[in-house]
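Please look through the sequence and the three-dimensional view shown here before reading on. The report that follows moves from a single residue to the sheets, the cores and the chain as a whole.

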Amino acid sequence: GLNFIDLMVRQGNIDNPPKTPLVPGFECSGIVEALGDSVKGFEIGDRVMAFVNYNAWAEVVCTPVEFVYKIPDDMSFSEAAAFPMNFVTAYMMLFEVANLREGMSVLVHSAGGGVGQAVAQLCSTIPNVTVFGTASSFKHEAIKNSVTHLFDRNADYVQEVKRISTDGVDIVLDCLCGENTGKGLSLLKPLGTYILYGSSNMVTGETKSFFSFAKSWWQVEKVNPIKLYEENKVIAGFSLLNLLFKQNRGGLIKGVMDKLLNLYNSKKIKPVVDSLWALEEVKEAMQRIHDRGNIGKLILDVEKAPTPLMANDSTETSEAGEEEEDHEGDNENKERMPFIQ
């Protein structure tokens, strides 16, 4: 699985970045090839998905058994690689941190991304939950049925939300940070919960300069505890990787995975896979997620051959050999785009 955190690791925008050389990646799916002497519950040949503390983008991966889960019979390997990070993150924020209940309202940024789609699906399992989402305009047609109200990511979504719900929302899930932190807090109803689970606005690159990175940090409002007390608001943070690998909560995550797999087997949730990429195409895959061109999860497939470069950049060829339309807002210099049909 390719996640935005991988871009942050690449740029060193995390606490205590690892020393190079390293193999990136935090989740994978595959077949068990070998077991430790004391491992129980798994056999060689089992289809599994797993969390890994780095080193997931490899042909062979080793990880403690507590981070490994069997794949349901009707789940593909690509779906399994798209499942753990997105759905556990979404579930933990909604139900463990924010206590989502019937009739509540949720605002989620990057509604077309892997976590955004997981949030929308999990909200649909609870009666009468209203989901407000922000996303790039070219994604709206594809995801409009997964959220109740959809706004352009560059629009003044605060006014749009308040026009529909004058009191604001019960839960804000923010993966952007920067100026959106203050906006999210301002939208909370009394007893509402704001959760920061990422800071994608901090990632620099071809379309962002170091100055925009610095500006995003300056725009993070200092939280006044007295104001939180007076307004009856909750502010929280969530990092699944820290929970797993630094705070030793693998047992808690296993219980969440059991619930999620039950929801999958009941056909109430299903991971959305945007596209498959060869390992050689990791640069282009990272560019796609950096430019927010994906709907759902990007997957690196060790068995996939690279897609040939196209002579004409205005259209892309899918794995089925059909031409794809070039969407407004996609990066102009994207070289190949192996979409799943």
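## A buried histidine

His140 is buried, with a relative accessible area of 18%; buried here means under 20% relative accessible area, while exposed means over 50% and partly exposed lies in between, with a 1.4 Å probe and protein chains only. The residue lies in helix H5 (residues 140-143), where helices (H or I, at least four residues) and strands (E, at least two) are DSSP runs numbered from the N terminus. Leaving out residues up to four places away in sequence, His140 touches Ala135, Leu150, Phe151 and Asp152, a contact being heavy atoms within 4.5 Å.

This is a predicted model, in which local features need pLDDT of at least 70 and side-chain atom pairs count only at pLDDT 80 or more, whereas totals for chains, interfaces and linings use all residues. Residues are numbered from 1 along each chain as its sequence is written, and side-chain values use heavy atoms, with hydrogens and water left out.

## The parallel sheet

Six strands form an open sheet with parallel pairing, in the order S6-S5-S4-S7-S8-S9; two strands are taken to pair if DSSP finds at least two bridges between them. Strand S6 (149-152) and strand S9 (234-237) are the edge strands, each pairing on one side only. Direction ignored, neighbouring strands of this sheet are turned by 15 degrees against each other on average, with axes given by lines fitted to C-alpha atoms, for helices over the stretch in contact, and angles running from 0 to 180 degrees between N-to-C directions.

Strand S5 (residues 130-135) and S6 run parallel and are joined by four bridges, and Thr134 stands opposite Phe151 in S6. Helix H4 (residues 114-123) packs on the sheet, where it touches strand S4 (105-108), S5 and strand S7 (169-174), and its direction makes about 170 degrees with that of S4. Helix H6 (residues 157-164) also packs on this sheet, touching S4, S5, S6 and S7, with a direction at about 155 degrees to that of S6.

## The antiparallel sheet

Three strands, in the order S1-S2-S3, form an open sheet whose pairing is antiparallel. Strand S1 (27-31) and strand S3 (68-70) stand at the edges with a single partner strand each, so one side of each is left without a neighbour in the sheet. From one strand to the next, the twist averages 25 degrees. In general, strands of a sheet pair through backbone hydrogen bonds, either parallel or antiparallel.

Strand S2 (residues 47-51) pairs with S3 in the antiparallel sense over three bridges, and Ala50 stands opposite Val68 in S3. Helix H11 (residues 250-265) packs on the sheet and touches S2 and S3, its direction making about 20 degrees with that of S3. Helix H3 (residues 84-97) lies across S1 and S2, running at about 60 degrees to S2.

H3 is mostly covered, since 12 of its 14 residues are buried; among them are Phe87, Tyr91, Met93 and Leu94. The helix is followed by Asn99, whose phi is positive, near 55 degrees.

A nonpolar core is a set of buried Ala, Val, Leu, Ile, Met, Phe, Trp, Tyr and Cys residues joined through side-chain atoms within 4.5 Å. The largest one has 78 residues, of which Phe51, Phe83, Leu122, Leu173, Ile253 and Leu260 touch the most other members, and H3 gives the most to this core, with nine residues. Leaving aside neighbours within four places in sequence, Leu173 is in contact with Met93, Leu94, Val106, Leu107, Val108, His109, Val119, Ile195 and Tyr197. A second, separate core of 12 residues includes Tyr157, Val161, Val169 and Val172.

Ser78 is found in helix H2 (residues 77-81). Although Ser78 and Lys297 are 219 residues apart in sequence, they are 9.4 Å apart in space, C-alpha to C-alpha. Not counting residues up to four places away in sequence, Ser78 touches Val273, Leu276 and Ile299.

## The chain as a whole

The protein chain has 12 helices and 13 strands, and buried residues make up 50% of its 341 residues. Of the contacts with a separation of 6 or more, 65% are between residues 24 or more positions apart.

A search of the whole structure finds zero disulfides, a disulfide being a pair of cysteine sulfur atoms within 2.5 Å. Cys123 is buried, with a relative accessible area of 2%, and Cys175 is buried as well, with a relative accessible area of 11%.
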